[in-house]
Amino acid sequence: MSFSAIFLQLIQNLLVLLAAPLLLGWVNQCRAWMQGRRGAGGVLQPYRNLIKLFHKDAVLANNASPLFRVTPYILFACMWLAAALVPVLATNLPLSPAVDVIALVGIFALARVFIALAAMDIGTAFGSLGARREMLVGFLAEPALLMVLFTASTISHSTSLITIVETLAHKQFMLYPSMAFAAVAFLMILLAENARVPVDNPSTHLELTMIHEAMILEYSARHLALIEWASTLKLLAYMTIGIALFVPYGIAEAGNWGGLPLAVLLLTLKLLLGGAGLALIETVSAKMRIFRVPEFMGTAFLLAVLGLLTHFLLEV
Amino acid sequence: MPIPFSAQVINMCAALLLLIAFAMLSQRRVLSLINLFALQGLILAVSTTVVAYSSNQHHLYYSAALTLLLKAIVLPVILYKLIHKLDIRWDVETMFNIPTIMLVGLLLVVFSFNLAAPISQMAGTITKSTLGIAMATVLLSFLMMITRSKAVPQVIGFLAMENGLFFAATSATYGMPMVVEMGIALDVLIGMFILGIFFFQIRTAFDSLDLAHMEKLKED
């Protein structure tokens, strides 16, 4: 492994860490514009929130167990790892062999289990309510996500995200009808997993509707900051997985250092467009009832299965 | 074996048709149903044009134009006017258990893919692999007609079924003879007018467009 590859891997890891709050800020700003508001603090607001939280003193409940204290760090580590693993700039990085799609889903599951356990740890009503709702959404979203990833895997004959991206981006261009189904399913999963509007509202603390916010009510200061940062990293990870699966064009080929500036430029453009699209979806759709969520996720799963079926009908 | 690009476009259109069929199956609002139906007609016209171009079948251009005119413009406009006059623009249908309906739809898709596999192996057309999707669209529209209780969604299901049949004809044999196609187009148009009149008759008789009222033959 060459020195420059390791250097690039480090750059990518730091870049996702620092750019993730910016993406959230961009989504929030777009949402404000579309709703006719000026937006509070512009795109840099998430950074200010994080700095503010890091400067505060943490308050812990008397009966908080060590699990409650370590969860923010585990969550942050999981999401950083996931976001750093996804190939966004180049396909031949030192961590590339580790980027298996099933492992990625596993990392998300690990984070989910810990945050749910920590939410129930204090023993408040809201915590366990949020944890149960999160698990309800999670257990429906996970198989759907796996089916989406399997659709891409059957096209490229590998579960390695690197191979998938290389097959889709660098081989001869083809229209994959199965990926159209997978894209719709993935969009629905992205909305559900990142607590965005049709499923959950990230900016409300209304007890009837909140899912993600209910779980982290007991956290404060640096713990809360890590969890918020982890959420932005999760959003970035999902967005980049979506980009890697459906619009990977422009990623630098293995060993092609000259392609990197173009790759960075295209990635920024795709993320900006994706963030604006997400804000648009959140603006035009209303939050659905919690009991509609299984229906929503069931549809996502069904579309992913249809994608797999269409692949065998049309593309072999 | 690489698939030619025109066939890829046709496959993509087929996949979109299937996606729309499922969207219609799960759509509660009448207005969105009509939008989806118009979109289905548009995609059908695009796919027929591509088939016509790639197979040099000139009569298919006329079918495509006819499809565009009738199914993407005239019929949706008639339906819009109808629901406007009937004042059911924002009608939301109560449907039970959409996930179950979707699962049945998935089984129908598997069934029709299996059924179409041997047929499409024998066909020599560029569109042979889309036959399974065409059959699935027909069956899904049929399922939609069965699961709806209101009159307008049932009619939309019927029209969507006709779209599926047209797509099946295009994919299996490059379309039916022009005379037959013109005849069917006229039938659908006239059928639409007659059904439109029926809507008003049903509503004056039962004060509702719910067809469950028609299951009873006499007043008791």
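Mentor: Start with the buried residues of H4(A): A:Val101, A:Leu104, A:Phe108, A:Ala111, A:Arg112, A:Ile115, A:Ala116, A:Ala118, A:Ala119 and A:Asp121. Bear in mind that this is a predicted model. An α-helix has 3.6 residues a turn, so residues three or four places apart point the same way. Read the list with that in mind. A:Arg112 and A:Asp121 are among the buried residues.

What do the buried residues of H4(A) pack against? Their partners are helix H3 (66–85), H5, H6 and helix H8 (212–215) of chain A.

Now the length. Helix H4 covers residues 101–121 of chain A, 21 residues in total.

Next, what follows the helix. A:Gly123 comes after H4(A), with a positive phi near 90 degrees.

Most residues other than glycine have a negative phi. Two residues elsewhere in the chain deserve a check on that point. A:His157 is not a glycine, yet its phi is positive, about 55 degrees. A:His157 sits in the loop between helix H5 (125–156) and helix H6 (161–170) of chain A. A:His157 counts as exposed because it has 9 C-beta neighbours inside 10 Å. A:Ala221, also not a glycine, has a positive phi of about 50 degrees. A:Ala221 lies in helix H9 (residues 221–246) of chain A. With 16 C-beta neighbours inside 10 Å, A:Ala221 counts as partly exposed.

Technical notes:
Residues numbered from 1 in each chain as written. Chains lettered and ligands numbered in written order. Predicted model: local features only at pLDDT ≥ 70, side-chain atom pairs only at ≥ 80, totals over all residues. Helix = DSSP H or I, 4+ residues; strand = E, 2+ residues; numbered from the N terminus. Buried ≥ 20, exposed ≤ 12 C-beta atoms within 10 Å, placed from the backbone. Expected span 1.5 Å × (residues − 1). Contact = placed C-beta atoms within 7 Å.
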